Every structure is written in C-alpha cells, then in structure tokens.
Amino acid sequence: MTVNEMISSLPTRDLLKWRSVVGILWYLLSLCDCYNLDVERPLVFHGPNGSFFGYSVLLHQHAEDTWLLVGAPQAESSFYPNIKNPGAVYNCSVWSSQCEQLPVGGVRQCGKHCLAENDNQWLGVSLSRQPSKGHVLACGHRWKNIYYSSKDNQNKLPHGVCFRFSPDLKHANHIIPCYKDHQRKFGEGYGSCQAGISNFFTEDLMVMGAPGTSYWTGSVLVYNTSSDISAAYVDDDSEVLYGSYLGYAVSAGHFLDPQSTEIVGGAPQHEQTGKAYVFMVEGNTLKIVAQTKGKKLGSYYGASVCAVDLNSDGLSDLLVGAPMFSSVREEGRVHVYINQGEAKLQEADFELVGSDSYAARFGETIVNLGDIDDDGFPDVAIGAPQEDDLRGAIYIYNGRRSGIARSFSQRITGSLLDSSFGMFGQSVSGGVDIDSNNYPDVAVGAFLSDSAVVFRTRPVVKVDAVMMLPESLNRSIAQCSENGLPAVCVNVKVCFRVGGKQIPGNIELKYNITADVHHKDGFPSRFYFSGNGTSNVTSGRVKAKHDRITCATHQAFMKKDIRDIFTPIHFEVKYELGQHSVLHRDSGALPSLKPILQQKDEQANVVKNQTVFARYCALQNCSTNLHVSAHLVLPQSYKNMPYFALGNGKSIMLNTTLLNTGDDAFLPKLYLRFPSNLHFIRVLEEDKYISCEIAEENKVAVGLDCNVGNLYIAPFSKMNITFLLDVMQNSVTGNLSINISATSESFEDLDLQHDNVAVLTLPLRSAVDLNVYGFVSPTSFLIGEEESVPVDCYPEKFNYTYKVMNMGPSKALDARVKISLPLMLVPYKYQLIRITDLQTTLGYCFQRNNTVQIIDDCDVPKAFFIEEVVFYFSPKTKRTMFCGAEDMTCRMVECHFGDLEVGKEVTITMEVELNPRVLQMSPGRHDVMVIQGIIDLISPAMDANTILLQEDVFDSVFLEALYSNKPVMAVQIFLIATSLIVGLIILALLVLMLWKCGFFERKLKEEKFDRDSWDYVPKKESVS
C-alpha cells in the first residue's frame, strides 16, 4: 500500500493527525541531512539554568562504564558552597540521563607566593581525555592568584588551573602550569597566561593553551606525564607578535613521523589575519616546524585547530577554523591542509563552508570523531553554533583517500531537537562507543540552553555490487523465448556482497534495473523486460548474507525494428536497503539502531555496465575514422591574399568536407565554434540531411551543433557542406579562429582522431578607399606692379577648399590628413603666407608650430637696379614652390576626423593671406611663381589589419603668381634715356653718312628744277 492509499483509507480525524505527523517529519528531515548519526533517538541532558552547561562535552569510558562529562563554567559548586560560581564538571549517565557534579573546583595550596581565588574560575571551559588510559583533564582558565594583589594592591594574576582526573573520575589533582615564585606583574611572562582555555590530551602529553602569556602574545604549555617534564613555547625570536593569542586552540598529532608527536597551536589575532603553528618538543621548549596563515582580516583564523589523519597515511593532516570569515557577515570557513610528509602542509584547493549561512560562525569547533562510517578514514564534526539565530548546527565531513570530502554528509541543527536550544555545536566530542556497537558516538553541547546531546552512530552496511552482461549481442540469433516465441535477449546478472560491523545476519536489498539508459533522443529504448509491458525498468529483492555473494538474473528483450545498432547498450542498477529485522537487547540496554548503506565518493549505490551489438567490421573495435577538411571563400583579396573587409555587406562561405574511411559512423555531428561576432545565416545544402542548432554559452552564441547524415555515414562516404556566415557590423579587425570538429556515437580509435578537427583563420581587415582633392580661389594673381601707398603687408587673399571622402567599404578609423603650404621663399626667412581662418565640417584642425625662425615684416628687401634690369631682359622662367614630407619651411595643418563612416565627406576651408613682396625678392624670383599646396593622408595607415585600396592618397593645389610685364619706374626711365641716347647716336651717324656722300654739296638750280618737277599741277590751270 502506498502512502497516498494509506492516507485515503483513514477517517477524517485521523487523516488530520496523519498529515500533521507527515508535516512534522518532513520539517525534521529538512533540518537534518541524514547519514549514520541517529537523530530519532538522541540522548538529551540538561543542567542548571544559566550554568553554561554544555560549554564543553566529553564522552568518557572506563571499564564497562560510559559517561558523558559536561563542563558548566558558570555553575555553582555543590561541594564548595562558599565559592562563587567556580564552574563545575558534570558526570552524566548515558543509561539514566541523570547528571551529578564531580567533587572538584577548590584549590587550597598552590605555592609559596600563591593565594587562590576560586571564584568565577570557569572550571569546565575545556575537557579532554587520554585515549587509552582514560585520564581526564578539565580546566578553568580564569582561576586567579591574588597573593600580591592582597598584599601590594597589585593586579590579580589569572594563571588558570587544570584538574587531572583518574580514569574512574574518583580522584583529581590540580595543576597550575603558569605559577612561578616571585611572579607578581600582570601581563609579563606567565603572570596572566590563562592556561587551560583549551586543552588536549595524548597518550603521554597534556597540552594546554595559554593565550595571555607575555602580554597576550600567547604560548602553548606541554606536560609529559611519563617523564614528568614540562615544556613551553618561548618566543625568543619574536616570531609571534604581541596580542596574537597563541594557544587559543590546541591539538596534537603525528606531523613529522608516524611515531613522533607534534603540538598544534592557533593564534587567531596574529596580524589580524591569524596563524596556526606546528611545534616539536625539544627538551623543555617547543620549536616551530610549520605554520599556516589566514587570508582575510578579522576571520579569527586559528580559533580552532584539529590534527587528524584524514587519508589514513599515518601522518596527521590539519584543519584550521576561521569562524569569523565574512562574505556578508561571519559565515565562517575551515581550511584544509594535507601533510605531504615531514610537516609539509599543502593547502587544498577548496575550503569547507558548511551551509555558508549568515552569522553561522562555521568552524568555531573542529573535532576528530574517529571512523564513524567504517570506511577506514577518520571523520570530523564542525560546529556552527550561531547558525539559525544562535540555535546552532553541526556538520559531519568524511575522510577520504584524497583527504576529505568537499561536501558534508550530514547536517544536524539544534532546532531539530528542541526549538529552545541555543549555541548547539559550541562543543563536540567523539571517539568513544557508548552503546557497544563498535562505532564511535558523538556528543554535542548547547550551552546557551544548558543542554548536551549524545547521538549514537548507526551501523553501516557496506555493499559490493556488480552487474554482468555478455560482451556482445548477436541480434540475428534468438537465444530466448517470450510467450512461446523465439526472442533476442540479454541476460542481466546482478550480484551483491554485504559486510559491516554489528549488522543483522540477513540484509534485504531492493534494486531497480534500467535497460538502455542512454538511448538517443528521438529513439525509443531498444530493450524491455518481460512481464512489464514495454517498460525498460524492472525491480527485484535479494536476501544477502554477511560476506556471501548473492545473485539474481533478469532477461531484457530486444524490441523489433530497432534502428540504432551502433551505440552501446547501457544498463544501470540502483539499490537500497530493504526491510530487515534488528536484534533487540535486554530492557536495560539502549535499543539497537537500524543499519544504513555506506556512502561513497562516486555516485552512491549505482552500478553500471554496457554491451554492444555484434558487428562485422573492417577496423579493430569497429572503429570509425572521420576526416574533416574546410576552407573559406572570401570576397576580397590583396596581393593574392584573401581577406574579409569589414562593412562590405557580403557573406562568407565556409566549405566543409566530412569523410569517413572507417566503419559506420552512427549519428555523426559537426561542431563549429567561432567568436560571437560571427553570425550564422544558413546551410546551402538543404537536401543533405543536415540540421543545425545555435550553440550558446552564457546566452551568447558561440557556434553551431549540426546533425549530419541520415543516422549514419557509411564507410568511404563523403559529405560536402557549405555554411553561409556573416560578420557583425561592430566587429574589430584581427584574425578570427574557426574550429570545426566531427564526432559520432560510434567508437573511434584515439590514434585516428587527430584529423577530426580543422582550424581556420578568418582575416578581418579594414579596407579603406579615401579620396582627397582641393582647389583654390582665385587661382592666380599678378606681382611686380608698383604700389602707390602700401596699406597691408598681405594684400592678396585666397580661399582654399579641400574635400575628404571615404568610399568604403570599411569605416576609416582615426582618419587624419595633413595640408602643407610653402611658408617662405627659400632661402629667405620672410613670411610668405598666413592662415587667418581654418574650418572643418567634422573633427578639428590645427596648425603645427614651426621650428624654423621666420620674419613677419612688411619691410621686405627690394631687388637692386641692376637686378631689375637683368630680370627684365632675361628669358621667361617658371619656379614651383613645394613642400617635402616634414618640411620646416612650410606651414603644416593637421586635421583629425575621428572614425569616418563610409560615404561620409569632410570639407576643410582655409582663408590664406599672401605677401607678394616676398615673391619679388632677388635672386629667387621668376616670371611665373607656382605655389603648390599638398593634402596628404596620415591615418589610417597601411598595417597588418588595415588595407588602403589606394596606396598614395594625396592631391596638389596650385596657385600661380604671374610677374607683371610693366617694368618698374627705374627701368622705365632707364629705357627712355637709353632710347634717346641711342636715337641721337643713330641720327648723328645718318647725318655723317649723308655728308660723306656729298648730299650737302648739290647746286641750287638743280634743286629748283627738282622742286618744279615735284609740282604735278599744271601751271596754266587755276586753283580755286
């Protein structure tokens, strides 16, 4: 009958009660992660109110008797009524739950210069037990020597006191390890050592912490019970700083050698981060052999220490608590150190965190419980007494061959036992078997509610399970019959062997077998169990005997028309304890506890195995042999090197070839991995049985997962697949890696997998085509004309205009240009031009400072007269004034545009004034002076990730200065004077020539005749 059937069969009134019980049980289960500490029948003990009963607990055993010793440091003494709150140690019977005080607490004689004050000594602040002989050590760290305070009015000296009990707890001797004659000053030496705030008892050594020694530097005190020699740590080298509280917690173990014993002391205030020290005993001193350090301020690292051989290698490992470690507030941590030999402690790569609860102070207490789960490795309990609003909790961590389990195996909260419990887990004790079931039990104190609890340990059943399957299955041979018909089946044989201490003779095990556990999605299970319909699950029970092998066989039948004959057939068995009887003891004894299955490192209580279908294969183990090859088809190339230009708007073709040269490859897959700035568009070959899904990590696409082929790729088959990809607009230049790998569900030999992967590089480049051009208005001007009255040194005005355009396909990153204009007429230093206005439609422009000294003066030297004459009569010439790359004789203008988008045009305008007198300086002037202005591209420049489609991007703007044909006045006067003189000379030469020819010697008659002959008008005609 199921739980639901049971509930439905109850009357309404009982139903309400049942539901209440179920609710309570469910709540309790949520408070306890159950393993093998029994929480259903705890032994609870209570002490006087306000006595702090439970501040320390200790399980104790002597002969046939077992007790729980409980420290109550604020209790009144039943034996010393005149002492105020000395504290007490209670002896509690585990059979009757009755507690009584031990007759101890008063110190009468303590030394020559000693006077005892037993009030408020906090007896029971710490308890420990000698492992084999059974002596018990109980301390009160606030016991005071008032000898000098009563005589000299000095401070009381809180030495602290410890009492050593005999194994039967009937006799006790006090020890005051810090007392010395004539010691009178508080703080100095051992005057205020407060010995016994922590203690630890080994076979021969009593270890006591003394954190108040030497102004709270602290110390660890050791007394050898065999040799009667005392030892202490003396900080001569100032290794431990003042105020470190060394001895706040102590422990002992085998760190250097399995036969040696070393001491551990915690110093939680060292440099505010805390330290833990490992000491070796040399005579009467302790020498540091190892130390560990806390990592966070205020974590109180070292407030608890525990030496325990977690991995059972004979050497003690170390656990150090930091209960005030805070992520939010005081969640607490425990650090794990594994002993590598000779006290070389290697910190584990993890920390124990419990539930990581707010203000839990996890790690306040760490105790070695012994091996409570019978796996051969010691286990530990860690207290978190302030968890759950001071109710408290403890956590059980199991030792492992590797050290310690990262996760706790059991969590027990104080509220599980009583809602009024407070500070549950402040103290823990283990290592003693109180109910004689050969498992150590555990005691926990809850001093804020004056309580203590004993949890008994349940026996652990160790199960070795195995499942046997045939090596392979021939699906063509029917080896079984079902309903009288032949059928193909698998015989599944499961075998169990149980063991453990104190377990019943017969253990019932329940198990479930699941066939074809890992069948592929979209494919039904290939096997089922007879009598269970088509279900692939069956169950069974066996009665297993101690250290005997018990087996059961089940037949799993193969379904018809299965398609997947390539992948292995996985079977899984899960088992648990069934019903079994528990031996009942005598009425006076504690009731027996039900056994529980042992937890293991790996997946608990699960056995797996597999078989395969028999196949006839070419390669060993029917190995497939996949080959992947791929190449990119890119739309651009530069100097025969393909690349992809950002922003070109085109797609990328990824051609992939998958070849199988081995046996059948079942359910082959292609995995593409590429950066997130690549975008998958589609697969071109839609008819080749390929389907792809976007692969994501943290909600970011990182590639494709593609199913290829129709179930499988046959031997020597090849598939060509083309993927269409695109590049995100916001991508940056560089080389992108594309990884293509192939797998299948079929086996592939490791030596054949080297060519299952292809890696391609996609070169993303910025391809830029920048055009620049310019013009000037006006394009020419005259020089050399006489000015009546000069008004301006720079009378000539010009407007320069430059255009910069990005033709694409990529954005021009950090676009910059440089404009150069001649600043002087070399070799003269006089300034030729000046820029009066500079504007740009994008970004900004500025003029570079010139390093060459120039002269800005209107008084420009004029050419000499002879130079003017020579220039006037010289042939016509032309001179071009230009600028070099970094020409200091030129005016440089630089413009920064930032990132220039594709199609964007920038206009730069300059107003320039020119001094024409500079161009007339001689020598150097010409009839035509051409002033060449150049605009050059500075950035982007050609580099590994940038390609300039035009290698030389520049333009020139020419401004012509034409020399006037009219000569200067001096030359004009010279020309007139010279012309007159030359004319007179010519006239004189002509007269002289005529005279020489006798022109002036002719007769008058002839002259008259000649004149008459010139008159063409007849003399007889009249003229009116």
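User: Are Cys480 and Cys489 buried or exposed?

Analyst: This is a predicted model, where local features need pLDDT of at least 70, side-chain atom pairs count only at pLDDT 80 or more, and totals for chains, interfaces and linings use all residues. Residues are numbered from 1 along each chain as its sequence is written, and side-chain values use heavy atoms, with hydrogens and water left out. Buried means under 20% relative accessible area, exposed over 50%, partly exposed in between (1.4 Å probe, protein chains only). Cys480 and Cys489 are both buried.

User: How far apart are the sulfur atoms of Cys480 and Cys489?

Analyst: A disulfide is a pair of cysteine sulfur atoms within 2.5 Å. Cys480 and Cys489 form one, with a sulfur separation of 1.7 Å.

User: What is the handedness of the link between Cys845 and Cys895?

Analyst: The sulfur atoms of Cys845 and Cys895 lie 2.0 Å apart in a disulfide. The torsion about the S-S bond is 115°, and the link is right-handed.

User: Why does Cys895 count as buried?

Analyst: The class rests on relative accessibility, with buried set at under 20%. Cys895 falls in that class because its value is 0%.

User: Is Cys997 buried or exposed?

Analyst: The relative accessible area of Cys997 is 62%.

User: How many disulfides does the structure hold?

Analyst: Cys178 and Cys193 form one of them, with sulfur atoms 1.7 Å apart. The total for the structure is nine.
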